[in-house]
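Subject: Structure for you to look at

Hi there,

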Amino acid sequence: MRITHNMMFSTMTQNMNSILSDYMNTGIQMSTQKRVNSPSDDPTGTVQILNYRASIMANETYINNSQEASAWLASTDGALQQAQTILTRVTELAEQAATGTITSDNRMQIASELEQLFEQLINIANTEYNGTHMFAGHKTDSSAYEKGLGIMTENPEFDGITFEVLGEIPQTAMIRFPADGQIGGAADLEYEYSKDGGKTWVTKTLNAGDTTLELDGCTVNLAEGTLPVDVTAYNPDTPTSPTNGSMLYVRPSAYYVGDDNDFPPEVDVYGSSIGNTDAQGIFKSDVQIKFTDHVSVNQNGTVEFQYSTDNGLTWTTGTATTAAGSDSVRLVVPGGYVDVEAADGAGIAAGSQLVVRPNRAEEQGYEIAPGDFVQITNDGKDIFGGLYKDKNSNYATPAADPNIFETISDLIAYCQTDNQNGCSQSVEDLRTMSEHLLTKLAEVGGKSNRVEVNITVMQTHKDNQTIRKSNIEDADLTTLLNDITKQQVTYQAVLQSSSMIMNMSLLDYL
């Protein structure tokens with residue numbers, strides 16, 4: 001076989017390029033310290049590397065979320081610790097006020113400190129973290145509480161009555177009635193009020209049918225409830241007390257203006273053919289419902305409707321059963337059901353829609369692990385209490401017990417009106433409030449511990465994934481040094497031998 005110079009040149013060039021390519025690949029690995037720099041280096045390994053990178057990035061997100069949640073919970077814990085300190089001091093003052101050896105002036109002095117502690121507690125309930133309010137539920141851009149005036153009464157005739165109090169007063173005001181009568185009744189009613197603890201009284205007349213008591217700078221309106229209200233006269237020979245006739249106390253209160261987590265959820269209706277609605281269940285998100293066809297609710301049959309749980313991006317068709325003689329239809333959707341009444345008792349027009357909006361005051365938080373969500377916001381009224389206007393009323397009423405703000409407000413009223421028995425009752429109530437607050441502190445502490453453990457778990461998981469990725473992706477430095485040294489020698493040898501062969505000619509043998 002005849003070997004030509006062209007054949008030799010092509011073969012040497014091919015070999016030289018192959019060695020040079022290996023040399024360059026090794027150089028790239030040396031510079032990046034990675035064995036896999038492109039999918040072609042290791043297709044199977046590349047898939048594993050990409051999976052590990054995605055897992056590591058997810059773990060970093062969960063770690064960051066956990067750290068943010070931990071900082072938020074630490075701020076919440078600090079705020080509740082301060083509230084507990086204030087509550088302890090309030091209890092001490094209540095015990096002093098309940099002592100029979102102190103004077104009315106002493107109780108007034110105690111009330112002055114109580115008012116300052118009350119203000120401080122409102123500030124704590126309005127605590128912010130990074131500009132967001134921690135105890136206002138989802139309304140993190142506004143304060144959870146505002147200071148106002150409220151009513152304290154121990155008389156059963158005022159049970160079920162909702163009061164609206166407007167204006168300002170320098171201290172607790174008392175309202176009493178010189179004679180039996182009716183608020184909102186057919187006859188005029190005389191009443192008296194005092195703004196100095198019962199030392200002096202101002203007499204006024206409530207016109208027949210009127211339900212608003214004027215206190216010169218402050219008004220008390222019996223806004224909701226069964227009216228008229230029968231009131232009884234006080235006994236002038238008996239010291240002023242909550243049980244001496246019908247008595248109202250106007251004292252400072254804290255109004256919760258955040259949102260709640262109460263049931264049932266709200267239902268927004270779009271379409272005049274829909275009457276009353278009632279949603280029941282535990283809904284994780286807003287549920288939109290629409291009727292594409294006319295629905296006859298008062299006939300036996302099956303009807304279709306559509307619902308969406310992702311703000312209308314996708315819709316699912318559901319079916320419901322209607323019955324003769326009925327004026328409504330029950331729609332079963334994810335999380336519960338909605339009873340929808342036809343406005344005319346017969347049918348719901350095509351195109352009618354409604355939206356179920358669950359109250360989600362405590363749903364704001366962070367996902368700290370796959371499927372593991374920790375809530376960080378709080379429904380302030382369930383912690384501190386106060387007065388709250390729910391969605392079924394136009395006026396504020398006391399939040400459910402235990403109610404820290406209302407208990408302290410009552411104590412202030414008792415001290416400013418020299419009511420020893422009331423102060424004694426407040427001592428017991430405050431102990432209950434303290435236990436309630438300690439329970440809330442324990443809940444926050446439990447969440448904090450859970451988040452801290454999760455940070456450790458996620459960090460360990462991230463480290464393990466990083467090691468596994470490194471085992472596939474990273475290059476061994478010792479091996480690389482040996483490889484690149486051998487490739488350098490080989491390349492130099494090829495260059496030298498190639499140059500010697502290519503320089504040979506027939507004249508070398510003549």
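How much space lies in the largest pocket? About 690 Å³. Before going further, please keep in mind that this is a predicted model.

**The largest pocket**

The lining of this pocket is made up of 31 residues, and I151, R251, P398, E406 and D410 are the closest to its centre. Several elements give two or more residues to the lining: the strands β3 (145–152), β4 (162–167), β12 (248–256) and β26 (397–398), along with the helices α5 (404–416) and α6 (420–473). Which of them gives the largest share? That is α6, with five residues. Sorted by class, the lining of the largest pocket holds 14 nonpolar, 11 polar and six charged residues.

**The second largest pocket**

The second largest pocket has a volume of about 350 Å³. Its lining counts 22 residues, and those closest to the centre are T240, T417, D418, N419 and Q420. Here the elements that give two or more residues are α3 (104–125), α5 and α6. Once again α6 gives the most to the lining, this time with four residues. The classes in this second lining come to five nonpolar, 12 polar and five charged residues.

**The chain as a whole**

If you zoom out, you will find seven helices and 26 strands in the chain. Of its 510 residues, 41% are buried. The accessible surface comes to about 25700 Å², and carbon and sulfur atoms account for 49% of that. Contacts across the sequence are worth a look too: taking those between residues at least 6 apart, 69% join residues at least 24 apart.

**Strand β12 and its partners**

β12, one of the strands in the lining of the largest pocket, is mostly covered, with eight of its nine residues buried.

**Strand β10**

Next, please find strand β10 (residues 218–224). Why can we call it largely enclosed by the rest of the structure? Because five of its seven residues are buried. β4 and β10 run antiparallel and are joined by six bridges, with C218 of β10 as the bridge partner of G167. Strand β9 (residues 212–214) is joined to β10 by three bridges, also running antiparallel, and E214 stands opposite T219 in β10. The hairpin of β9 and β10 has three residues between the strands, and D216 in this hairpin takes a positive phi near 55°.

Is P398 buried or exposed? Its relative accessibility is 51%, and exposed means over 50%, so P398 counts as exposed. Leaving aside neighbours within four places in sequence, P398 is in contact with G386, L387, N403 and E406. The C-alpha atom of P398 is separated by 9.1 Å from that of G150, a residue 248 places away along the chain.

T76 lies in helix α2 (residues 43–97). With a relative accessible area of 0%, T76 is buried, because buried means under 20%. Which residues is T76 in contact with, leaving aside its neighbours within four places in sequence? They are M134, F135, I376, N378 and V444.

Happy browsing, and do write back with any questions.

Best wishes

Technical notes. Residues numbered from 1 in each chain as written. Predicted model: local features only at pLDDT ≥ 70, side-chain atom pairs only at ≥ 80, totals over all residues. Heavy atoms only, no water. Buried < 20%, exposed > 50% of the residue type's maximum accessible area, 1.4 Å probe, protein only. Contact = heavy atoms within 4.5 Å. Areas by Shrake-Rupley, 256 points an atom, 1.4 Å probe, with all protein chains shown as cover. 1 Å grid on protein atoms, 1.4 Å probe; cavity = no way out; pocket = protein on both sides within 12 Å on 5 of 7 lines; lining within 4 Å. Points joined across faces, edges and corners; volume = space filled by probe spheres on them. Nonpolar A, V, L, I, M, F, W, Y, C, P; charged D, E, K, R; others polar. Pairing = 2+ DSSP bridges.
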